[in-house]
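Open the model in your viewer and keep the sequence panel beside it. The tour below gives one selection at a time and says what is there.

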Amino acid sequence: MSKSILITGGAGFIGSHVVQLFIEKYRDYKIVNLDCLTYAGNLENLKAVENAPNYIFEKVNLLDIDELKRVFEMHKITDVIHLAAESHVDRSISDPLAFVNTNVIGTVNLLNVAKTYWKNLKDHLFYHVSTDEVYGSLDHGGFFTETTPYDPQSPYSASKAASDHFVRAYANTYGLKTVITNCSNNYGPNQFPEKLIPLCIHNIKNDRPLPVYGKGENIRDWLFVVDHARAIDVVFHQGKVGETYNVGGFNEWKNIDIVKLLCRKMDEKLGKEQGTSEKLITYVTDRAGHDMRYAIDASKIQNELGWEPSLQFEEGISKTIDWYLENEEWLNNVTSGDYQKYYQEHYK
Ligand code: NAD
Ligand code: TYD
C-alpha cells in the first residue's frame with residue numbers, strides 16, 4: 001500500500017463520502033476510518049465499502065490518546081484527513097463543552113500523536129477539514145475569502161476556529177505539513193436529520209411541522225456533499241502545504257426558500273396536491289445568536305486547483321430527497337434511540 005490514510009469521522013455524513021471516494025478511487029491506499037460512533041456516526045453509511053480489502057474501521061474516541069497511538073502504530077499511518085467533530089450548532093448552544101472536548105482537545109490529541117509518531121515530518125500531511133462558520137456572519141454584501149479574519153459567533157464555530165488555530169500553530173511551531181479547507185453548508189445522503197434539509201424531508205414525509213427559525217431569511221451557501229468529497233481529494237493530492245482553501249457551492253439560498261422548494265418537490269414526488277406540504281411550515285423562536293449569512297468565495301480552489309461543483313442545486317436536492325425516500329430503514333434507525341428526546345426538548 002502506497003499510503004495508509006487515517007480518516008477521522010468516517011462514519012459521519014461527510015466522512016462517509018470521503019471514505020467511499022478514497023477507497024474506490026485509490027485501491028493502493030489503505031484507508032483507516034477512526035470514529036467513536038456518536039449519534040451522528042453510523043456504519044450503515046459505509047455498507048458499500050465495508051468489505052473492501054483496503055478498508056479498516058477503528059472504533060476509537062479522539063479523547064483516548066493511548067488508542068490513537070495504537071492506531072498510528074498498528075496501521076503505520078502516513079497521512080491524516082481529520083473530519084471527526086461535533087457538528088451541529090444547536091447542540092453547541094445547549095452543550096458547548098462537548099464541542100470543546102471533541103473539536104479542540106480531540107484535534108490537539110491527534111496533532112500530538114501525529115507529530116510524535118511521524119519521525120520525518122516532511123513526509124506526511126495533516127489535512128484538517130473545517131467550516132466557513134469560523135469567519136462569522138455576513139450581512140447582505142461580500143463573501144468569505146481565505147484572508148477574511150476569523151470571527152466565530154457560536155460555540156460550534158468557536159471550537160472549529162480554535163482547532164484551525166492549533167493546526168496552523170503546529171505547522172508554524174513544529175513544521176508539521178498541514179492544509180485546511182473551510183467549506184460551506186453541505187447537503188446530501190447520510191446527513192443526520194437534525195440539520196435543516198434532512199430534518200424537513202423527514203418531517204414532510206411524516207406530516208410534521210417544519211420549524212423555520214425567526215423569519216426564515218438567514219442565508220446559507222449549499223454544496224452537494226459529493227462535491228465536498230471531490231474537493232478534499234483534490235486538495236489532499238494537489239493543495240499547497242500550509243495553505244487554506246475555501247470550498248463553496250456558489251449557491252446562496254434563504255432558508256425559507258429552501259423549505260418551500262423541498263415542499264414543492266416532495267408534493268410532486270409523493271403525489272400530493274401542490275401546497276399540501278407548505279401548510280406544515282411553522283415559524284419558531286430564532287436560534288440564539290443566529291448567523292445571518294454565509295457566502296464563500298471559492299475562486300482560489302477553482303483557479304489554482306481546477307475544482308468546481310459538479311451538480312446544480314435543484315438536481316442535488318432531487319437526488320437527496322430520492323435517497324431519503326428510498327432509505328426508510330436508515331432514517332428509522334437513526335431516528336430511534338434518543339432522537340425523539342432531542343427533538344422534543346429542542347422544539348418544545
Ligand atoms: P457529522 O456530525 O455527520 O459526523 C461527525 C463524525 O465524527 C461522526 O461519525 C461521529 O461519530 C464522529 N465523532 C464525533 N466525535 C468524535 C470523537 N470524540 N472521536 C471520534 N469520532 C468522533 O459531521 P459532518 O457534517 O460529516 O462534518 C464533518 C466535518 O466537516 C466536521 O469537522 C465539520 O466541522 C466539517 N464541516 C461540516 C459541514 C456541514 O455542512 N456538515 C460544512 C463544513 C465543514
Ligand atoms: P443547519 O442545517 O443547522 O446548519 P448551520 O446552522 O450550520 O448553517 O441550519 C441551516 C439554517 O437553517 C440555519 O440558518 C438555521 C436554520 N434552521 C431552521 O430554520 N430550522 C431548523 O429546524 C434547523 C435545524 C435549522
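Which residues in α6 meet which residues in α8? Select both helices: L196, I197, C200, I201, I204 and K205 in α6 meet N255, I258, V259, L262, C263 and M266 in α8. By class, this contact of α6 with α8 has 10 nonpolar residues, one polar and one charged.

Before going on, note that this is a predicted model, in which local features need pLDDT of at least 70 and side-chain atom pairs count only at pLDDT 80 or more, while totals for chains, interfaces and linings use all residues. Residues are numbered from 1 along each chain as its sequence is written, chains are lettered from A and ligands numbered from 1 in the order in which they are written, and side-chain values use heavy atoms, with hydrogens and water left out.

Some terms are needed at this stop. Helices (H or I, at least four residues) and strands (E, at least two) are DSSP runs, numbered from the N terminus. Contact means heavy atoms within 4.5 Å. Ala, Val, Leu, Ile, Met, Phe, Trp, Tyr, Cys and Pro count as nonpolar, Asp, Glu, Lys and Arg as charged, and the others, Gly among them, as polar.

**Helices α6 and α8**

Two packed helices are described by the angle between their axes and the distance between the axes. Axes are lines fitted to C-alpha atoms, for helices over the stretch in contact, and angles run from 0 to 180 degrees between N-to-C directions. Helix α6 covers residues 196-205 and helix α8 residues 255-270; they pack at about 40°, with their axes 10 Å apart. The two are therefore oblique to each other (under 35 degrees is roughly parallel, over 145 roughly antiparallel, 65 to 115 roughly perpendicular, and the rest oblique).

**Cysteines**

The structure holds zero disulfides. C200 is buried, at 1% relative accessible area, whereas C36 is partly exposed at 25% (buried means under 20%, exposed over 50%, partly exposed in between, with a 1.4 Å probe and protein chains only).

**Helices α4 and α5**

Next select residues 96-117, helix α4, and residues 155-174, helix α5: their axes come within 8 Å and cross at roughly 15°. That makes α4 and α5 roughly parallel to each other. Among the residues that meet are F99, V104 and L111 in α4, and Y156, F166 and Y170 in α5. The contact of α4 with α5 has 12 nonpolar, five polar and two charged residues.

**Helices α1 and α7**

Now take helix α1 (residues 13-25) and helix α7 (residues 225-238), whose axes come within 9 Å and cross at roughly 55°. α1 is therefore oblique to α7. The residues in contact include F13, H17 and L21 of α1, and V226, A229 and F236 of α7. They divide into 10 nonpolar, three polar and three charged.

**Two loop residues**

Select S310, in the loop between α9 (299-305) and α10 (313-326). S310 is exposed, with 53% relative accessible area. Not counting residues up to four places away in sequence, S310 touches D227 and R230.

Finish at Q274, in the loop between α8 and β12 (281-284). Q274 is partly exposed, at 46%. Leaving aside neighbours within four places in sequence, Q274 is in contact with R264, D267 and E268.

Methods: Disulfide = S-S within 2.5 Å.
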